[in-house]
Amino acid sequence: MLAYLDHAATTPVLPEAAEAMIPWLTAQFGNPSGSHSVARAARAAVEEARERVAGVLGVEPGAVVFTGGGTESDNLAVRGAVEARRRAGLPPGVVVTSAVEHHAVLHAAARAGVPVREAPVTADGVVDLDALAGLLDADVTVVSIMLANNEVGTVQPLDEIVELVRRRAPAAVVHTDAVQAFRWIDLRSAAAGADLVSLSAHKFGGPQGVGVLAAREGAAVHRMVEGGGQERERRPGTHNVAGILGAAAAAVATDAGRAGYVGDVAARRDRLAGGLLAGIAGASLMGASAPRVPGIAQLCFGDVESEALLVLLDDAGVAASAGSACASGAIEASHVLLAMGVPERQALGALRLSLAPSTTDAEIDAALDAVPRAVGQLRAATVAAPGGR
Ligand code: PLP
């Protein structure tokens, strides 16, 4: 049996999404930008998908921009909002973000061509609101703070952040990367105050390579690539019709199922984290006292290296991750854990286990068996090695 506990990296396509996509990968086709009947049918399908996505986000259909994934949505939000101001003859200002954002936001901010201010976080990974307040002033044009962190799962107090921004940085638009949040949190209320909201379909049962940026009225974003006039000139290029329909179907299914599964997933996650904390000396749970999404548990073991641990777990049939998927492979401590003040040696041993609504008790049991054994094996090898502790 494979215990797949890496759903924050990507998660299987939901049946509803596959069902919505298959016709458009087989008999049906069409370029939504054309004018004949085949094109019109494709356009109607995309517009219906747009309405469905808008409905689950609580925004107007015109706010929904379909993109090529979460990374692109984040870039369009951060760099696109700065560029829109430039094009409108306004000062591009300053971007404010947090130290624990995904690289899609951090690197986009660094490329926006304006000064960037980074808010620190507490030891639990929550944005330090006093420090954030100190970074906000009339020069700030974009504030980008994620709703749920992809490594630790911490949920940021977005309402309070929006309130602070409105008071202290009235010229700013607020962007939230809700890529890891949507599966667990109703964004109609949780992201109601944000002007720009990013989603990625493959994190909630849609296909890979499809994203959404919801840009509420007044939140202008300028396209990142040049081409045709699609998506109201915000995202040129022929639509990925099948992918967009799959994303919309997954979004609707997620929204309909969410209230029914979040409690069960949180209980499984807590059983997993609790068992590992009890069974492995020196283990610690990251962000333990902060609000967290139900699907993520990140633990540090202090004296093992994540990469070696992942190899042993893979051999034992447990698929997990060292942190964000992009960081695994590179032996670098996670910027998120370092920002939380976790010592580098400990951060190098971080293990992220992430669940889906479909995760079974048997998968949790498999991890509860395999992780302590793998950690024990690595510790024994360290002690046995010449010069080992
Ligand atoms: N933002 C967060 C919080 C993520 O977890 C990810 C993916 O890991 C992304 C953005 C990027 O999304 P995508 O993989 O669709 O480009």
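Let's start with helix α6: what covers its buried residues includes α5 (129–135), β5 (140–144), β6 (173–177) and α7 (187–190). Helices (H or I, at least four residues) and strands (E, at least two) are DSSP runs, numbered from the N terminus, and buried means under 20% relative accessible area, exposed over 50%, partly exposed in between (1.4 Å probe, protein chains only). Covering is judged by contact, that is, heavy atoms within 4.5 Å.

Keep in mind that this is a predicted model, where local features need pLDDT of at least 70 and side-chain atom pairs count only at pLDDT 80 or more, while totals for chains, interfaces and linings use all residues. Residues are numbered from 1 along each chain as its sequence is written, and side-chain values use heavy atoms, with hydrogens and water left out.

So which residues of α6 (residues 158–168) are buried? They are L158, I161, V162, L164 and V165.

Now for the largest nonpolar core, which has 106 residues; L57, L187 and F301 have the most contacts inside it. A nonpolar core here is a set of buried Ala, Val, Leu, Ile, Met, Phe, Trp, Tyr and Cys residues joined through side-chain atoms within 4.5 Å. Helix α8 gives the most to this core, with 13 residues. There's also a second, separate core of 19 residues, including A108 and L213.
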